[in-house]
Amino acid sequence: MTHQVLPAALPAKSALARRIAPTDFLDCFVVPSDMRPREAAEIITDFPGWARFLLVIRRIVTTPFGLSNDGPDAPDKLGAFPVESETESEVIAGFNDKHLDFRVSVLSERGRIFLATWVHPHNIGGKLYLRAILPFHIMIARNALARVAATPLRG
């Protein structure tokens, strides 16, 4: 079964909205789902094999530049991403690295799950990195939300 993942505007109530500056990158996608944000985020960060393979390639390419591959240590993580904040309707995870800062928001609103990614590049390296990974990011994000939409609610 195919689940339609649509581009969307970031809901104004998202805590991520306060971070956005004019030169930052932001994308947002949405699917119908009554899932809780934490449950959706766990599905989103449980990457399929092909996406894990892309992350292995990323690790090989970025290690010589000193970029983080596993994210910083944190008591609460979703995949490699430390959880920054969590409410009943939204979980935000991510971290700051030397080339860019990024956060991912998983927000539940009126029977929909939104997945938004915010990136603030620090330098030309961050801008080049973002440009290089963007097609893969979009593919992974859309696949992740399709998996959320295809997962039956528990309980």
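Here are a few questions and answers about a helix pair.

Guide: This is a predicted model, where local features need pLDDT of at least 70, side-chain atom pairs count only at pLDDT 80 or more, and totals for chains, interfaces and linings use all residues. Residues are numbered from 1 along each chain as its sequence is written, and side-chain values use heavy atoms, with hydrogens and water left out.

Visitor: How are α1 and α3 oriented to each other: parallel, antiparallel, perpendicular or oblique?
Guide: Helix α1 covers residues 37–44 and helix α3 residues 124–150, and they pack at an angle of about 125°. Angles under 35 degrees count as roughly parallel, over 145 as roughly antiparallel, 65 to 115 as roughly perpendicular and the rest as oblique. The two helices α1 and α3 are therefore oblique.

Visitor: Which residues in α3 do Ala40, Ile43 and Ile44 of α1 meet?
Guide: Contact means heavy atoms within 4.5 Å. By that rule, the three α1 residues meet Ala144, Leu145, Arg147 and Val148 in α3.

Visitor: Is Leu145 buried or exposed?
Guide: Leu145 sits in helix α3 and touches Val5, Phe29, Val30, Val31, Ile44, Ile113 and Leu115, not counting residues up to four places away in sequence. Buried means under 20% relative accessible area, exposed over 50%, and partly exposed in between, with a 1.4 Å probe and protein chains only. Because its relative accessibility is 0%, Leu145 counts as buried.

Visitor: How many of the eight residues of α1 are buried?
Guide: The buried ones are Pro37, Glu39, Ala40, Ala41, Ile43 and Ile44. Helix α1 is mostly covered, and its buried count is six.

Key: Axes fitted to C-alpha atoms, helices over the stretch in contact; angles between N-to-C directions. Helix = DSSP H or I, 4+ residues; strand = E, 2+ residues; numbered from the N terminus.
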